[in-house]
Amino acid sequence: MASSDPIADALTKIRNASRAKHPSVDVPPSRQLERVLQVLKDEGFIRTYRAVGEDAVHRVFRIYLKYVRKTPAITQLIRISKPGVRVYRKAAELPRVLNGLGVAVVSTSSGVMAEREAYRKRLGGELMCYVW
């Protein structure tokens, strides 16, 4: 059965694997998810990710989770904009997650980026998720 929100499914798998203290998790690939994973890697919430699989049918992203003294780097991961209700914000209205300790992932006209970078570039867009 096809998922109506593959990004939310992938974020749920990451959240559950992090809470269960798994070293890695496999999720179905998409370009949008790859951009979100790059932001999570740049912000220090995951160690790395890579495409695993020999062909397009069996390919997955293997995400290597990050832990600090056996505590997950990802405490919470919340999907904001959903297929039924899209949430958009202007650059001046972008939220600060946990007073800057967390990050909001924003899909802008210049690509997917953290809210700090979008604010610096004066770009608004769709709020994809909050991570802390």
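Reader: Which residues are buried in helix 2?
Author: This is a predicted model, in which local features need pLDDT of at least 70, side-chain atom pairs count only at pLDDT 80 or more, and totals for chains, interfaces and linings use all residues. Residues are numbered from 1 along each chain as its sequence is written, and side-chain values use heavy atoms, with hydrogens and water left out. Helices (H or I, at least four residues) and strands (E, at least two) are DSSP runs numbered from the N terminus. With buried meaning under 20% relative accessible area, exposed over 50% and partly exposed in between (1.4 Å probe, protein chains only), the buried residues in helix 2 are Leu33, Val36, Leu37, Val39 and Leu40.

Reader: Within what arc do the buried residues of helix 2 fall, seen down its axis?
Author: The arc is taken over the directions from the helix axis to the C-beta atoms. The buried residues line one face of helix 2, because they fall within an arc of 155°.

Reader: Which exposed residues does the face of helix 2 turned away from its buried side carry?
Author: An α-helix has 3.6 residues a turn, so residues three or four places apart point the same way. On the face of helix 2 turned away from the buried side, the exposed residues are Arg31 and Asp42.

Reader: How far apart are the end C-alpha atoms of helix 2?
Author: The expected span is 1.5 Å times one less than the number of residues. For the 12 residues of helix 2 that should be 16 Å, which agrees with the end C-alpha distance of 17 Å.

Reader: What is the order of the three strands in the open sheet, and which are the edge strands?
Author: Two strands pair if DSSP finds at least two bridges between them. The pairing is antiparallel and the order is 1-3-2. Pairing on one side only, the edge strands are strand 1 (24-27) and strand 2 (46-52).

Reader: Which residues touch the most other members of the largest nonpolar core?
Author: A nonpolar core is a set of buried Ala, Val, Leu, Ile, Met, Phe, Trp, Tyr and Cys residues joined through side-chain atoms within 4.5 Å. The largest has 27 residues, and those touching the most other members are Ile14, Leu37, Ile46, Ile63 and Val131.
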